[in-house]
Structure formats: C-alpha cells, structure tokens
Amino acid sequence: MESASEEEFNEFFSAVLPDSVSRAEEPSSTRFSSEFLKSFPFSLHAEQDDALRQMIDYLNRPTDREVFILKGAAGTGKTSLVCGLIKFLTAKGHPTFLAAPTGRAARVFSNKANADACTIHHLIYRPLDEFNESGDLTKIRFELKMEDAGKKGFYFMDEASMISDSPTTEGLFQFESLLDDLIKFVYFQQPGNKLILMGDDAQLPPVSESFSPALRASHFLDRKSIPSTTYELVTVQRQARQSSILSHAHEIKKLQSLEHESLFFEPDFDEEVAEIPNLKDAVNAFVEAYLHQPDETIFLTYSNAMALKINQMIRQRIWGEIPEIPLPGEKLLVVRNHYKSSGPEAEMIANGEQCHLLKIKETSIHEHLGLEWADLELEIDTYRGKEFYQYRSLLSLLNRREPRMLEEEYKLLLMWSRREQKLAEKQGRKDRSFLYINALQLKYGYCITGHKAQGGEWKTVFLLPEKPYGSIQSYTKWLYTTFTRASQKIYLVGNK
C-alpha cells in the first residue's frame with residue numbers, strides 16, 4: 001500500500017499553519033495567525049502553547065500511521081485545547097471525526113466541541129450475523145464499515161483511557177480489539193491520516209486490563225510498531241485551581257504514585273465538596289436533588305451489591321414503598337450492549353447508557369426459562385440525544401446483585417434459541433429467539449457503580465466510597481474517576 005505523496009499532504013494540510021511558516025521550521029506560537037488564535041476561548045499558558053505547537057506540527061507533517069497522544073488530568077485544559085483546535089479545523093473546511101467509547105462521553109465531547117460526535121462503535125462497526133449449516137444464528141461479530149474507512153481527515157478520540165485492546169465476547173456478540181480496529185479504520189488506504197487520542201491515565205483502565213493501552217506510547221511501538229508523539233499537560237489551569245472538586249481530585253491522583261499499604265485521604269469540606277454522615281440522609285438529599293434535576297444528578301458507589309441496596313432505598317423514598325416492577329418515570333441503566341436489530345444497519349445501545357421508563361406493557365410480563373421478561377417503552381440517552389425505543393427486556397436483573405445475566409442462564413437461553421430457530425422454520429412461523437437473546441438487560445439507574453459512570457459528567461454527584469477493594473492503586477484510580485464525574489457539587493457519604 002503506497003503512502004500519500006508529500007504534495008497531497010501539503011494540499012490537504014495547507015490551512016493548518018499560516019503560509020508564513022515553513023514546514024522545515026519548528027512551528028512557533030508567535031507566528032500563528034490571529035485567525036487561528038481567535039478560535040480559542042481563552043489565553044494559552046506556556047504548557048498549553050507548547051502542546052498546541054506539537055499538535056500542529058504533528059497535523060502538518062507527512063506521517064505514516066503515527067498517532068498523537070494528549071494526556072492530562074482534569075483541569076489541565078486538555079479538552080478546551082483540543083476543542084479549540086477542532087473549531088479552527090472545521091472552520092477551514094477540514095473533515096474532522098469525533099468519537100468516544102460511550103454515548104454519554106460522546107455527548108459531552110460534542111457539547112464542548114460544538115460538533116457532531118458519536119461512539120467509536122458507531123463510527124467504525126457494523127454487526128454481521130453468522131449462521132451454521134442449519135441456518136441457526138450462531139454469533140454476531142463486528143466488521144469495519146469499509147466504505148467509510150480511511151476517509152481523509154482528522155480523527156479525535158476522547159476518553160481514550162477506556163479504549164480496550166483485548167478481544168471480548170458477550171454471548172453471541174464478538175468483538176476484536178477495539179484499539180486495533182480503530183487503527184485499521186482510520187489508516188485504511190490513508191496511512192497519512194491523523195489520529196489524536198485524548199485521555200487521563202489517572203482514571204480507571206478498561207475492564208480486564210491493568211493500564212490504558214491507548215494512552216501508552218510504548219504499547220503502540222512494542223505491540224503495533226506504530227510511532228507516536230505524546231504530550232502530557234500537568235499544569236492545572238487557574239479556573240480549575242479554584243475548584244475544590246478538582247483540587248481534591250488532584251490530591252487523590254498524587255496517592256496513585258505513592259508506595260503505601262493503606263489509604264489516607266482527608267477531604268476539606270466546603271461548598272463544592274460536602275459531607276453527609278449517613279446513608280439515610282444521603283438518600284433523602286439525593287431524591288430532593290434528583291426530582292429537581294433528574295438528568296444531572298447521580299449516586300455512585302463501588303459494588304453492585306451496594307448499588308442495589310441504594311437503588312431500593314431511593315425507590316422506597318420516591319414511591320413510599322419498593323414497587324415489584326419498574327414504574328413509568330423510573331431511571332434505568334443498560335448493562336449489556338444491545339442491538340436494535342440484526343443486520344448491517346443495526347444500531348447499538350451501549351452498555352452504560354441511561355434511560356427512563358415511559359411505559360411497561362403489563363400484558364407482556366411473563367416468565368421464560370425461569371426469568372421474567374416484559375416489553376418496555378423507553379426514552380434513552382444516546383450520543384444523538386434522547387430517543388424513544390420499545391423492545392423486549394429482562395426484568396429479573398433489576399433486583400439482583402449480579403451485574404448481568406449469569407453464564408449458565410445465557411447458555412440455557414442459547415440452547416433454547418437453537419431449538420426455537422429449527423422449530424420456527426419447520427412450522428413456517430416467525431423465529432422468536434432473537435427477541436430474548438438480544439433483550440435489553442437493565443438495572444435501576446439512580447445509583448450506579450463508578451465503572452459504569454466513567455466517561456459521564458453530572459452537575460451533582462453523591463458518592464459512597466465504601467471500603468477499598470483490591471489494591472490501593474486501583475482503588476485510588478476508582479476514587480479519582482468518581483470524583484471527576486462531578487462538575488458542580490459532590491457529596492461524600494458515610495456508610496452509617
């Protein structure tokens with residue numbers, strides 16, 4: 001595969017730097033055009049200026065499958081810097097592609113950049129059904145949208161700490177490495193395309209991985225033979241230094257680099273970081289805040305067992321009792337990737353998306369294979385905004401500790417599915433199996449785990465830290481991740 005010529009690059013990137021700057025020179029911020037600087041809503045401090053010059057140099061020089069990694073903790077101006085660059089490139093007519101691992105993260109990115117953003121899965125994949133010789137649906141794997149792959153342009157991926165480099169299987173659904181597939185998609189027949197990965201490696205890494213591979217230069221070089229340029233912003237902006245939430249987050253971040261066997265974190269409570277000594281008072285305060293701003297209020301904790309307990313307390317506080325089934329208006333959480341249909345045009349509702357119940361068709365409530373199911377009408381928060389959707393849903397998970405359907409339950413469902421496919425074909429009727437295999441798996445969404453919250457942002461966060469699980473370093477990453485979900489106020493809750 002031949003690389004694009006230097007002339008093609010010069011033509012494509014001609015508007016990035018002012019004409020007075022030669023590509024043989026190191027770009028200098030003093031030479032940036034006033035038009036370029038106007039695209040930024042704030043003055044650049046020295047570190048941001050240096051980071052911007054390096055990004056411009058990367059965008060402007062001919063490269064072959066090279067990535068740019070921009071790292072930075074909360075409050076260092078990472079997102080503001082990149083969004084200013086995106087606005088400039090867009091104004092100049094350059095194609096930009098924005099994406100993030102989750103729908104909520106994509107919405108946050110879109111709002112800050114004032115540009116369209118989607119999930120990485122939506123950007124690069126389409127599901128492909130696979131059948132055995134008998135015509136049974138055996139798995140659904142994901143192939144790249146090759147007709148869209150390699151479009152010339154600038155690819156910006158936010159919340160890159162969440163991008164996995166491991167194959168995963170979810171029942172019938174099989175994924176290869178998301179990071180590998182993203183690279184294949186961006187550079188297909190266009191090795192000179194530009195891929196900018198932004199993230200905070202103080203946050204939690206992808207599930208089942210010990211670090212964030214998309215933010216580690218050595219991983220790209222050693223495992224993929226891909227060069228990279230890395231810049232890490234470490235200076236906290238003046239506005240962020242005035243934020244008590246971010247000040248506390250940075251104190252937690254410092255704990256990650258220390259050798260210690262126990263965690264000592266003593267918050268200084270104020271208007272932004274407040275204390276509620278017991279869980280009962282916290283639930284009362286949460287319900288009051290939630291009823292005022294349901295989309296901007298969340299309760300976070302560490303374990304699924306504690307999330308279940310708190311959700312039950314919240315539901316009892318709202319309804320006066322704990323209803324047996326979800327009621328219209330309740331907040332729910334998708335806990336497994338779901339596909340609106342099979343086939344090449346299927347849309348994914350991602351694990352971690354939040355939704356509100358509009359209606360439950362009571363006549364649809366039934367038991368099947370020892371589990372309870374029903375047809376729900378939902379308002380779902382997607383990367384495009386709120387959407388209405390109706391589908392078969394698994395109710396049994398709502399009041400269980402387990403985060404998703406048990407493996408033995410899924411195996412039983414799969415065995416029934418194969419029998420149902422054959423029987424439907426023999427009887428000449430519609431196959432019902434996909435409705436159950438692809439059913440929405442839901443939990444109550446008032447209180448969720450910190451892992452599910454990653455990539456999201458809420459004005460008000462209630463946080464019950466629980467006792468540390470696992471290593472101190474992994475717990476401090478969890479604590480840092482949950483702290484930085486709050487944009488205006490966080491309540492630390494005592495477990496009394």
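**Ground rules.** The model is predicted, so I kept local features to pLDDT of at least 70 and side-chain atom pairs to pLDDT 80 or more, while totals for chains, interfaces and linings use all residues. Numbering runs from 1 along each chain as its sequence is written, and side-chain values use heavy atoms, with hydrogens and water left out.

**Salt bridges, the count.** My rule was a side-chain nitrogen of Lys or Arg within 4 Å of a carboxyl oxygen of Asp or Glu. That gave me 20 salt bridges.

**R53 and D49.** I found these two in a salt bridge, with the closest N and O atoms 3.2 Å apart. They sit four residues apart in helix α3 (residues 46-60), so about one helical turn separates them. Helices here are DSSP runs of H or I with at least four residues, strands are E runs of at least two, and both are numbered from the N terminus. Next I checked burial: buried is under 20% relative accessible area, exposed is over 50%, and partly exposed is in between (1.4 Å probe, protein chains only). R53 comes out buried at 19%, and D49 is buried too, at 17%. I also noted that D49, D50 and R53 are linked in a network of salt bridges.

**E143 and R126.** Their side chains meet in a salt bridge at 3.5 Å, N to O. This pair links distant parts of the chain, 17 residues apart: E143 is in strand β5 (residues 137-144) and R126 in strand β4 (residues 125-131). E143 is partly exposed at 25%, whereas R126 is buried at 14%.

**K224 and D180.** I got 2.5 Å, N to O, for this salt bridge. Again distant parts of the chain are linked, with K224 in helix α8 (residues 217-224) and D180 in helix α7 (residues 178-187), 44 residues apart. K224 is buried, with a relative accessible area of 14%; D180 is partly exposed at 29%.

**Negative patch.** I then went looking at surface charge, and E266, D268, D270, E271 and E275 turned up gathered in a patch of negative charge. For the record, patch members have over 30% relative accessible area and no salt bridge, with like charges joined within 9 Å and nonpolar side chains (Val, Leu, Ile, Met, Phe, Trp, Tyr) within 5 Å. Asp and Glu count as negative, Lys and Arg as positive, and His and the chain ends are not counted. E266 is exposed, at 57%.

**L258.** I found this leucine in the loop between α10 and β11. At 47%, L258 counts as partly exposed. I also checked it against I472, which is 214 residues away along the chain: their C-alpha atoms are separated by 9.7 Å.

**Sheet.** I traced an open sheet of six strands in the order β3-β2-β6-β9-β1-β10, with parallel pairing. The edges are β3 (118-119) and β10 (228-233), each with a single partner strand, so one side of each has no neighbour in the sheet. Two strands pair if DSSP finds at least two bridges between them. I zoomed in on β2 (residues 96-100) and β6 (residues 154-157), which pair in the parallel sense over four bridges. There, T96 stands opposite F154 in β6.

Technical notes. Accessible areas come from the Shrake-Rupley method with a 1.4 Å probe; for residues, only the protein chains shown count as cover. The place of a charge is taken as NZ of Lys, CZ of Arg, CG of Asp or CD of Glu.
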